[in-house]
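Here's a quick briefing to read alongside the model. Have the viewer open as you go through it.

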Amino acid sequence: MVKVKKAAVLLIAAMLCFSCTGCGKSDAYYEERGIRNISSAELVSDMDMGWNLGDTLDVCAADRDGDGMVNEVPEDGGKVDETLWGNPKATKELFDKMKADGVDLVRIPVTWRDHIGEAPDYKVDEEWMARVHEVVDYAIDNEMYVILNVHHDGGGDPQFGAWIIETAINDYDGFAKKYTALWKQIAAEFEDYSDYLIFESMNEVGFDKLGEDEAYEMINKINQLFVDTIRSSGGNNPKRHLLIAGYWTDIAKSCDDRYKMPEDPENRCILSVHYYTPWEFCTTNLQHTWGTKSEVNTLKNKIKQLKTTFIDNGIPVIIGEYGTGASNDTASRILFNNTLVSECRAAGIPCCIWDNGTVVDRNTYEWITEGMLEGLQENS
């Protein structure tokens with residue numbers, strides 16, 4: 001009788017193993033489905049020039065000028081679509097041109113908060129999901145690597161729908177239900193995609209309202225939840241390479257010992273950080289020029305810090321965003337970009353330039369600043 005019970009337990013365990021996602025599946029199985037048997041470092045090393053489709057699928061009905069009101073109401077009376085912030089709809093021709101220009105890594109920021117239904121299902125609007133899918137295919141069909149994320153859902157404007165930061169602090173269990181429900185839907189939508197598609201946990205999130213130790217614990221906890229959610233989903237997701245948001249995606253804060261990369265049975269996690277230093281030059285017109293010896297050394301030291309903290313310890317890195325104020329000195333902007341991508345290339349870090357429509361003309365598909373494309377092509 002004992003032997004029968006033991007055999008039954010073993011049989012049930014075996015059935016559970018083979019029924020759960022990813023169990024018992026060989027590397028050859030995944031390779032046939034487009035998931036190569038390569039490390040995340042090898043994947044990253046295959047990337048050259050990166051670009052963001054910014055202010056498009058990441059739009060949200062938010063207060064962008066601080067007047068306490070939604071800035072623009074679309075013609076249909078309130079529908080939030082990708083043209084809300086002034087850019088035309090993305091086209092296949094745009095991606096074809098980016099590919100021809102040498103872009104092989106596209107980050108597609110997506111804000112979901114205006115397209116999610118109520119609890120408990122948190123159903124994503126089918127039309128929005130279909131459009132995200134269509135744009136991802138523009139890049140995948142061009143054999144570009146694609147980063148797909150959860151973008152302004154983590155912003156600092158909860159009164160207009162941002163939910164990650166505030167909800168995680170005030171109601172973690174409620175947050176976790178919504179976050180996992182969202183990622184389960186995204187994972188299911190793209191489960192059969194090859195390793196050219198990478199999921200990114202979130203964008204520019206930090207928990208400064210908490211004590212420092214608790215803040216780091218929170219982002220580490222959410223990143224672990226992200227990995228666990230994707231790994232337990234179907235298709236190719238048990239083996240998919242994942243991009244893990246640093247603390248505020250800030251280099252110094254992410255190099256803090258309290259920041260921990262999540263545990264991953266597949267060891268396929270990549271750190272995501274951004275580079276906007278100095279802030280006054282990169283995001284505003286308060287500083288018009290860049291390129292002093294001190295400024296260049298600061299850039300080099302930050303990249304060195306990334307290398308010694310992560311890359312030298314087997315953790316690859318992608319700089320998911322960088323850029324400069326569009327109206328600042330042209331020569332300085334090109335020098336900044338060239339210096340950054342050159343230093344990052346030497347360290348093995350691909351970079352994605354942030355483009356909200358001021359880098360590439362979304363109607364003509366031409367690079368707006370003369371000499372910028374050539375510099376990136378030469379240094380990436």
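First, the cavity rule: on a 1 Å grid over the protein atoms alone, a cavity is a set of points where a 1.4 Å probe fits but cannot get out, and lining residues have an atom within 4 Å of a point. Grid points are joined across faces, edges and corners, and a volume is the space filled by probe spheres set on the points. By that rule, the largest cavity holds about 50 Å³ of space.

This is a predicted model, where local features need pLDDT of at least 70 and side-chain atom pairs count only at pLDDT 80 or more, while totals for chains, interfaces and linings use all residues. Residues are numbered from 1 along each chain as its sequence is written, and side-chain values use heavy atoms, with hydrogens and water left out.

**Cavity**
- Searching the whole structure turns up 1 cavity of 30 Å³ or more.
- Its lining includes D48, M49, Y322, V341, R345 and S380.
- β1 (49-52) and α12 are the elements that give two or more residues to that lining, and α12 gives the most, with 3 residues.
- By class, the lining splits into 7 nonpolar, 2 polar and 2 charged residues (Ala, Val, Leu, Ile, Met, Phe, Trp, Tyr, Cys and Pro count as nonpolar, Asp, Glu, Lys and Arg as charged, and the others, Gly among them, as polar).

**Barrel**
- Helices (H or I, at least four residues) and strands (E, at least two) are DSSP runs, numbered from the N terminus, and two strands pair if DSSP finds at least two bridges between them.
- The strands form a closed barrel of 8, in the order β1-β2-β3-β4-β5-β6-β7-β8, with parallel pairing.
- On average, neighbouring strands are turned by 25° against each other, direction ignored (axes are lines fitted to C-alpha atoms, for helices over the stretch in contact, and angles run from 0 to 180 degrees between N-to-C directions).
- Strands β6 (residues 269-275) and β7 (residues 317-322) run parallel and are joined by 5 bridges; S272 sits opposite I318 in β7.
- Helix α12 (residues 330-347) packs on the sheet, touching β6, β7 and β8 (351-353), and its direction makes about 170° with that of β7 (contact means heavy atoms within 4.5 Å).

**T277**
- T277 lies in the loop between β6 and α10 (279-282).
- T277 is partly exposed, with a relative accessible area of 27% (buried means under 20%, exposed over 50%, partly exposed in between, using a 1.4 Å probe and protein chains only).
- Not counting residues up to four places away in sequence, T277 touches C282, W290, T298, K302 and F336.

How values were computed: 1 Å grid on protein atoms, 1.4 Å probe; cavity = no way out; pocket = protein on both sides within 12 Å on 5 of 7 lines; lining within 4 Å.
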